[in-house]
Amino acid sequence: MEIEMENKDIYTKDGTTDYRGNPANKKETGTWKACPFILGNECCERLAYYGMSSNLVLYFKHRLHQHSATASRNNLNWSGTCYITPLIGAFLADSYLGRYWTIAVFSIIYVIGMTLLTMSASISGLRPTCYSKDDCRATDAESAVFFLALYTVALGTGGIKPCVSSYGADQFDDTDEVEKKHKSSFFNWFYLSINIGALIASSVLVWVQENVSWGLGFGIPAAAMAIAVISFFSGTRLYRNQKPGGSAVTRIAQVVVAAFRKYQIEVPADKALLYETADSESNIKGSRKLDHTDDFRFFDKAAVEIQSDHIKDSVTPWKLCTVTQVEELKAIIRLLPIWATGIIFAAVYSQMGSLFVLQGETLDPNMGPHFKIPSASLSIFDTISVIIWVPIYDRIIVPTTRKFTGHKNGLTQLQRMGIGLVISIFAMLSAGGLELIRLGIVKRHNYYDRDYIPMSIFWQVPQYFLIGCAEVFTFIGQLEFFYEQAPDAMRSMCSALALTTVALGNYLSSLLVTIVTKLSTRHGKLGWIPDNLNHGHLHYFFWLLAILSVLNLGAFLLIAKWYTYKRPVGTLR
């Protein structure tokens, strides 16, 4: 009996398996042994992504010869698509392929896209024709190849973004208190690895693109992505894998259909009478049972058992669903308001790759007589901010706040996200204030037609630094929150849901640029965001985002107070 208990203890109890499909051995798989390969993959993938995206708005403007507003919109739309495609990858991972094979397949698609992008910027006949450094023209065919490459990358990233953070968290057993504590730290170090990749991209690669060639500037990220694939496959024997649980969309649809079929039936006061499987395991592969909650009671009707639900002693899921299946839907509904409050924050974050870069082009880039810092490279200070704040948060803030709150992570995930929303308001105020000062100098000295004014580009550092600080609180808190609150068999899907806030933030920013441009250019006016920003009012746009952020913070505080946390019961074995 004692030997049997010892054997049970060496295996995980969260349903994970090793690469052969056998129960995962705690001593041989997972935890920090497996994480370096996952973190290495993410670092290289983010280097590839930021290596092309950090300076992309300037490629649109100077190589494809697009106006400032058009370049900003195209950049935001592509960035948004990169955060919508994760819904495809997440669905495949949770339902059919599992996270391992989804990451593997989509990584190869990503490499193909990066290779095509490099070719479009370096091979004669595919690259735009340039008459001077900033005077280039691209034919329709050349533009088409470039956009095909970009959106192939967007598809490839769709299978990586929603799965890598969840896959790393899968390496820690939720039922083991020691491992569970390490999982929270994993999200912090995961985000740090993202920013190490971004640091190299926004410094070295942006400089290469501006001063050497765009072909090499895209070729290095392509090579980094190939290294990311190699890193990922190298850890195969050490990974713990969650089994895909079947289509989450189908399960949600079944609950909705079953509830509406029984809309006239009363839910019993005794919740023990609601339908659930008799054994300790859930009937959903890869998912623990979920305890019943009292909100959204209408959907409890789907778990009310009546005679017609049984056909030849078998249950029809479109007529009768388990409590766990109903609670899956409730968990998603509860997440949606929190998810919605992330959109405005993402719109603020998206300015780093668009309007911050254009603002930086109007400032003095000189660092000594022979070196100019590209405006896109200023995002390095966002990255430095994250690299500074992650260990401060993990090693100082968490232990300190834990003494006062008693919470194992110091702050709850919602408290952490709220602090980030507050900081993001100050980031927009900082950007708007700088632009107001810059325009004052332009007006006083009649610098309207100068390429840049004698004001150092490093005055942009505070706004980048504040956004980096806000990221550590909001984005990492969001990653952990959506993973923890997701039903077990829907974790990739919920991670993708969190990422869509970034997509919608980009789309919202693009929409705001379109609306503002249309309204502010009436009656022959140049508008808020003209090609020559010296004649514009970019600070109005930043202040608009600050006002929206204040309103969003108020909504978040109300929603967070209302939120009910998920309550899993039992184990998967």
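This is a predicted model: local features need pLDDT of at least 70, side-chain atom pairs count only at pLDDT 80 or more; totals for chains, interfaces and linings use all residues.
I began with the domain 1 and domain 3 interface: 54 residues of domain 1 are in contact with 56 residues of domain 3, contact meaning heavy atoms within 4.5 Å. Residues are numbered from 1 along each chain as its sequence is written, and side-chain values use heavy atoms, with hydrogens and water left out.

Next I looked up the bounds. I find domain 1 at 8–244, domain 2 at 248–329 and domain 3 at 330–566, from an automatic or database domain assignment. The centres of domain 1 and domain 3, over C-alpha atoms, lie 21 Å apart.

Then I turned to area. Domain 1 and domain 3 bury about 4700 Å² between them, 60% of it on carbon and sulfur atoms; this is the accessible area (1.4 Å probe) that two parts lose on being put together, summed over both. Leu76, Tyr83 and Tyr191 supply 15% of what domain 1 buries against domain 3, more than any other three residues.

Between domain 1 and domain 3 I count 1 salt bridge (a side-chain nitrogen of Lys or Arg within 4 Å of a carboxyl oxygen of Asp or Glu). The side chains of Glu361 and Lys61 meet in a salt bridge at 3.9 Å, N to O.

Last, I asked which helix gives the most to the side of domain 1 that touches domain 3. My entry reads H8, with 19 residues; helices here are DSSP runs (H or I, at least four residues), numbered from the N terminus.

Methods. Helices (H or I, at least four residues) and strands (E, at least two) are DSSP runs, numbered from the N terminus.
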